[in-house]
Amino acid sequence: MKKVLSMVAALLLCVGTQAQIVSSRSAIVKTEKQASSTQWFLRAGLNIMNFSGDGAEGADSNIGYNATFGYQKPLGSTGGYWGMEFGLGSRGFKVEDTKCMAHNIQYSPFTFGWKFAVADNVHIDPHVGVFASYDYTSKMKTDGESISWGDYADYMEVDYNHFDAGMNIGVGVWYNRFNLDLTYQRGFIDTFSDADGFKTSNFMIRLGIAF
């Protein structure tokens with residue numbers, strides 16, 4: 001009888017040990033899967049638009065918008081990540097009673113950032129990346145009348161560049177799946193040729209949600 005009980009005890013001990021090993025392996029696999037999973041998100045909000053440079057000294061800010069859909073993919077398990085975004089946005093400025101706005105398609109081929117925890121479920125997210133955009137429509141409106149940026153460029157005998165490219169740099173705060181993001185967008189291409197100093201300068205305040 002003692003031998004039988006000893007065999008049963010040894011068998012139970014072996015089964016329990018194997019169960020713990022399987023459970024530990026499952027937890028490790030689950031953790032690795034979570035660490036390597038891609039996070040998709042939507043962001044939208046206000047864009048405080050202006051131009052920068054010597055030629056834009058008399059320009060004031062105008063209010064626009066920015067909305068993007070993108071993803072972030074972790075780089076290891078330290079909080080670093082890289083991502084991409086695609087969406088719609090605006091750029092422009094205001095001079096006295098004249099409001100100027102262009103609507104564009106935007107693409108950010110890569111953004112690098114790092115999320116670090118500051119409290120339970122709260123992460124700070126500094127990030128930097130590049131963007132490219134194309135203005136599909138534009139207008140300058142004053143006293144109820146409006147013309148396109150292209151018409152303005154023709155009148156000024158300059159060329160209007162629909163394309164722009166530059167840098168995004170910002171910081172965000174994540175609470176669980178929810179995000180508040182502040183990003184400065186700086187274009188490197190002159191909006192109007194032969195008119196140096198008219199470059200995109202946007203400050204975006206956006207809310208986001210990850211899924």
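Biologist: Is Glu85 buried or exposed, and what is its relative accessible area?

Modeller: This is a predicted model, where local features need pLDDT of at least 70, side-chain atom pairs count only at pLDDT 80 or more, and totals for chains, interfaces and linings use all residues. Residues are numbered from 1 along each chain as its sequence is written, and side-chain values use heavy atoms, with hydrogens and water left out. Buried means under 20% relative accessible area, exposed over 50%, and partly exposed in between (1.4 Å probe, protein chains only). Glu85 is buried, at 14%.

Biologist: Which residue meets Glu85 in a salt bridge at 3.4 Å, N to O?

Modeller: A salt bridge is a side-chain nitrogen of Lys or Arg within 4 Å of a carboxyl oxygen of Asp or Glu. The partner at 3.4 Å is Arg43. This pair links distant parts of the chain, 42 residues apart, with Glu85 in strand S3 (residues 80-95) and Arg43 in strand S1 (residues 39-52). Strands (E, at least two residues) and helices (H or I, at least four) are DSSP runs numbered from the N terminus.

Biologist: How far apart are the closest N and O atoms of Glu85 and Arg206?

Modeller: Both Glu85 and Arg206 are buried. They form a salt bridge, and the closest N and O atoms are apart by 3.8 Å.

Biologist: Which residues are linked with Arg43 in a network of salt bridges?

Modeller: The structure holds seven salt bridges. The network that includes Arg43 also has Glu85, Asp181 and Arg206.
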